[in-house]
Each structure stands twice: as structure tokens, then as C-alpha cells.
Amino acid sequence: MLGTRRFGITAAIALALAAAASVAASFDVVTGEAAVALDDLAQLATGLFATGSCWWTARRAHGPDRVWRVVTGFGMLGWSVGQSLWTWYQLVEKRAVPSPSPADAGYLSIVPFAFVALLVIGSHRRSEHPDALLDRRSRSARLVLLLDGLIVVGSLFLLTWTTSLGGLVQTGNPSTAAFLVAIAYPLTDLVLLVIVVVLGADRKVVLRPQLRLLGLGLVGLAASDGAFAYLVSVQAPEVPPLANAGFVIGPVLIALAALVPTAPHTAPTRTARSWQWAYLLMPYVPLLVSSVLVLRRTAIGDLAPLDAVEIGCGFTVFVAVILRQLATIVDNAKLAAMLRESERTLAHQAHHDALTGLANRALFERRLDEALAAHHDGTPFGLLFVDLDDFKAVNDISGHAQGDAVLERVARRLRDCVRDTDVVARLGGDEFGVLVKGVDEPEKVAFRILDALGEDVSASVGVVVCADPDPEDTAESVLQRADKAMYAAKRDGGRGLVIHP
């Protein structure tokens, strides 16, 4: 790995040389056999450069950062072996490269190694930075991700088959081995690119600069694979060196992925959000393009009819789209239910005491305002202010855990003494409020509470009876009267009640 400045210089030089080689071979700066030699040798040189860069930087890396470099180095070595065989056929034996050939085995050997490298990069993730979009590990989320990949690969394969690969196969009348090799290139390229997009959308991936450059390198290789297949399908007399530019620049980008300094973790950038949009649109863009192409083929009568591969692939993609939408609907329904439950939980937590589960002071005052409004229409109510005697001693002697247990026990006994329509609240500390609606004699409820608390818990109770409507009454004034009555009960020795006149 290089420092930031050295990496910038190295990247500029490497990309400039790769571009110069492609331009020189493509625009008659070098012509004839020299152009072919320059093109082939440039591809071989960049492949070996990528191999060496991966293995050289792996010496100082550790963990997943080391593993992906070693694995990618093996993949680029196999690709370079394939390129050396191709170069041998063209420059030494001076004959067309057969298909399939040992060179294909070398080129395709990069696929399993790149697949493993991407999985290793994807597994090296931050656990402290949650990502609500992609970090879900539910069965439904994994199914949607699998279907997205199937839709993308199927759609792009259908596009590739319709535009180039089908013609290539039909023109060449290939054997089974040649057919498998022909479809292996676009299929494996598409699978790798889908993985790159999915990982690029995950903000928890640590090795993001490496992933981007490695992904761009694979894009370069895939672009030249596609260009080569198209030129062969239209029976082009030769493959221009410009079509091989991805085979030159792609390995350079892979080498730079190994050389780039590891960036420190930063907040999500516009680039990260762009990757996420690419992930969200990933299944639909290729599906739309391939659908338009197939519809055009179907609508225009003078074009060749759809073959078995196009029909089978199109049907598979159609089924995958239906299943994806069903899975998304189910997932959204579950998410909506979770949100509603979360809202109910948050609303309960906002208006209830966390320890006892009773209403808190804010909810109690709201219910008291409602009782006063009904009281003006002639509905009586009573307010009880309950305060435990010598509760501080419980905390000091037995500890706060024992004090919490006492509060929970008091809360249960208070709830048992009233109806479901009444309100019991913890107003703070060891103070409780009880709102008894529609009762002319709330002091009877107060006596029942004192009996329920028993001998083990001592409490003083202040009672306010609101029988006759008083326009001057407010929630604050009624609470103050109940509080005064409670303190009067304490002055009388506690374990008793006082009714405010």
C-alpha cells in the first residue's frame, strides 16, 4: 500500500501508459503486426502488474484485507496465463485462436477468485454503523436480494443474447464446449458486477476504495468481453485494439485497488448514496431495456422470431419479478406492522412510568383536565394524593433495588383498589396520584388503599372531593389541595388520610 501522494502519482502513470498503449494500437500510431503485438503485450503486462501489486501489498496487510489481495492475485495470475497463451497463438504461431482453447480456461479462472475476493470484502463490515436499508438479515430480505440478482443477470443475459451472443452461436454452429465457453463470459461478468453493486450500496463495508477500483476493473474486463462477443457475432473481419481497451485498463484498475491507501471511516458521502440508488434501480433498468428489445422483436414481423433461449430466459425473469414484488409486499406489510407497534410502544413510554408501568405526571394531569371538564357538566370525581412514609430510609438501609421493589408492590396494590376506568399514576419519587371518576365518596377508596398497603408499607393520603362544580377549579389547584391534605396527614403521624375541606 502506498501513501496518498505516491498512490496518486502511480495511478496517473499506470493509467496514462495503459491508455497510451490502447490509443497507439487503435489509431494507427503503430500499425500492422506491431499494433497486434503492442495490444497483446500491453494486456499481458497489465495483468502481471495487477498480480504483482496484489501479492506485494498483501505482505503488509492483515485479516480480510490480506485475504482478498492474495485471492485476487491468483485470479489475475490465471487471467495473465490465458493472455500469454492468446499472445502465443497470435504472435508466435500466427494463427487464429481456437474456441474453446486453454486461453479461455485462463481467462475464466479469474471468476471464482474474484467472487471469493468480493465476498471477503463484503464480510469485512462495521458493526457499529447500522444501515437500515441493507443490514437486514431477515429471510425475506435475503430472498429479495437473490431475486434482484436473478433479474439483473437474466435481463442482461437476454440483452446480450439478443444483440450478440445468439448471433455468435448461430453463426458459428458451435460444439457444446464452445457454447458453454461462449455463454460463460457474459454470465460470469454479470454475476460479478451485480455483487459489486450490492456491496457498493452497503455503507458498512470497510474496504470501500478497494471495492470501487476492483469493481471498475471488473467492469473494464466485462466491457471488452461484450465488445469482443458483439464483433464476432456480426462477423467483423478483425477485432480492433480499441475493443480490447478494457483488457488493458481493467487490470490496471485492479492493481490500483491493491495499492490504494485504506481510507478512514467517514460519514456517508454523495458517492455512497449514489451507490445506494444504483442498488435500488439495479433490477429495473436492465429489465426495462431487455423488455423493450424483446417487444420490438415481437412487434416487427420482418425480424427473426424469439428463440428458445430468449423465451426461457424471459419467462424466468418474469417469474422472478413477480416473486420479488410479492416478497416486497410481504416485507412492507411486516415493516408497517412493526412501525405501528413501535409507535404504540413509544406512545406508552412517553406517558407511563418506566418502573411501575403507571401513568406518569403528564398523562395524569391530562386525565385530570378531562375530569374537570366533565365535572363542570355535573360528573363528580375524587383525587387522592398518596405519599409513602419514611421511604428514604428504605433506600438508605436496604438499597435502591429494594426501594424499587417497594414502589412496584405499591403500584400493583393501588391498581387493585380501583376500577379500570380510574387512573393511577406515579407523580414522582414515592408520590402517587389516584383519580376516581364519578364517585361521591372517594374517601372510601382511600381507606381501601390504606388497608391494601398493609402493615409493611406506611403511607399518608390527601383526599379532595369534587362533588359540586366550581368554575375556579383547575388541575393545578386541585393537585395543590390534595398535596396540602397529604402533608396534614403526615403531620398527624402518617398512616392515615385527611380530606381537604
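Student: In which helix is the place of tryptophan 68?

Tutor: This is a predicted model, in which local features need pLDDT of at least 70, side-chain atom pairs count only at pLDDT 80 or more, and totals for chains, interfaces and linings use all residues. Residues are numbered from 1 along each chain as its sequence is written, and side-chain values use heavy atoms, with hydrogens and water left out. Helices are DSSP runs (H or I, at least four residues) numbered from the N terminus, and the one that holds tryptophan 68, spanning residues 64–92, is helix 3.

Student: Does tryptophan 68 count as buried or exposed?

Tutor: Buried means under 20% relative accessible area, exposed over 50%, and partly exposed in between, with a 1.4 Å probe and protein chains only. Because its relative accessibility is 0%, tryptophan 68 counts as buried.

Student: How far apart in space are tryptophan 68 and glutamine 210, C-alpha to C-alpha?

Tutor: Leaving aside neighbours within four places in sequence, tryptophan 68 has contacts (heavy atoms within 4.5 Å) that include Leu207, Gln210 and Leu214. Although tryptophan 68 and glutamine 210 are 142 residues apart in sequence, their C-alpha to C-alpha separation in space is 9.9 Å.

Student: Does phenylalanine 315 count as buried or exposed?

Tutor: Phenylalanine 315 lies in helix 12, which covers residues 308–351. Because its relative accessibility is 56%, phenylalanine 315 counts as exposed.

Conventions
Helices (H or I, at least four residues) and strands (E, at least two) are DSSP runs, numbered from the N terminus.
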